[in-house]
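Me: I have a model open and would like to learn how to read its features one at a time. Could you walk me through it?

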Amino acid sequence: MGGTEHLDIQREGATLVLTLNRPEAKNALSLPMLVGLYDGWVEADADDSIRSVVFTGAGDSFCAGMDLKALAGKGTGGERYRDRLTADPDLHWKAMLRHYRPRKPVIAAVEGYCVAGGTEMLQGTDIRVAGESATFGLFEVKRGLFPIGGSTVRLQRQIPRTHALEMLLTGRPYTAREAAGIGLVGHVVPDGTALDKALEIAELVNACGPLAVEAVKASVYETAEMTETDGLAAELKRGWPIFDTADAKEGARAFAEKRPPVYKRA
């Protein structure tokens, strides 16, 4: 199990928990953090015993966005990771889920600030939980910058366009309740309990057939921009083989025998 000085990786049963760990800087993105985060996504996909991922931040924030000095590897011990970025210049975009989509479900647990790059990474997750005092927003335009982590493309596909444009063009902060109201997050829970709720959801995912879960997630994203006719055809192509798996047969047997299923990814 990997991790770096700014990214913790832990196992909670069949769930891999990735924690941004730079609380003194509100978990602003650094090179060690991005390297560890990318390695975490890869580890989750490579290990069949992992069925879900929970993505969170240490301390009182999820992520306050980019730290340009730290991303250059200055003052954070990041110099020793420069070779990773040189070998893969796309690594930071993969880490931020702009150019990488894990095949396992990713559940975000947000406390405190989730702004700028934090809100951009959030859009790469599948299920989202926020503490009541969480703050969201894309502040780039207020600083004369562009939210280049994917928000001008993804946000309008995830929430109504009028809300996406307001968030993008005003650069104002959004409360957790506002974020839930426009559909950016799915759950708002008492402060300090977002991780618990995310792990609870992860357990529900973990109890399901892993081949089915991964196929369903893949189908949702694959068909998102297709016509209904093309999407339905793609769904059949991806979904029909699941019915022939040993896991599907086990699910049926377990239901008939009124017992929990034991899935083996077969």
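Me: Which residue does Glu 250 meet in a salt bridge?
Reply: A salt bridge is a side-chain nitrogen of Lys or Arg within 4 Å of a carboxyl oxygen of Asp or Glu. Here the partner of Glu 250 is Arg 259, with 2.7 Å from N to O. This is a predicted model, where local features need pLDDT of at least 70 and side-chain atom pairs count only at pLDDT 80 or more, while totals for chains, interfaces and linings use all residues. Residues are numbered from 1 along each chain as its sequence is written, and side-chain values use heavy atoms, leaving out hydrogens and water.

Me: Is Glu 250 buried or exposed?
Reply: Buried means under 20% relative accessible area, exposed over 50%, and partly exposed in between (1.4 Å probe, protein chains only). Glu 250 counts as buried because its relative accessibility is 9%, whereas Arg 259, at 29%, counts as partly exposed.

Me: How many salt bridges does a search of the whole structure find?
Reply: The search gives 19. One of them joins Asp 39 and Arg 84 at 2.8 Å, N to O. Asp 39 lies in helix H1 and Arg 84 in helix H3 (residues 82-87), so this pair ties together parts 45 residues apart in sequence. Helices (H or I, at least four residues) and strands (E, at least two) are DSSP runs, numbered from the N terminus.

Me: What does the largest nonpolar core hold?
Reply: A nonpolar core is a set of buried Ala, Val, Leu, Ile, Met, Phe, Trp, Tyr and Cys residues joined through side-chain atoms within 4.5 Å. The largest has 48 residues, and Leu 37 and Phe 55 are among those with the most contacts inside it. Helix H1 (residues 31-46) gives the most to this core, with 8 residues. Apart from it lies another core of 11 residues, Val 129 and Ala 194 among them.

Me: In what order do the strands of the open sheet run?
Reply: Strands of a sheet pair through backbone hydrogen bonds, either parallel or antiparallel. Two strands pair if DSSP finds at least two bridges between them. This sheet has 3 strands in the order S5-S7-S8, with mixed pairing. S5 and S7 (residues 135-137) pair in the parallel sense over 3 bridges.
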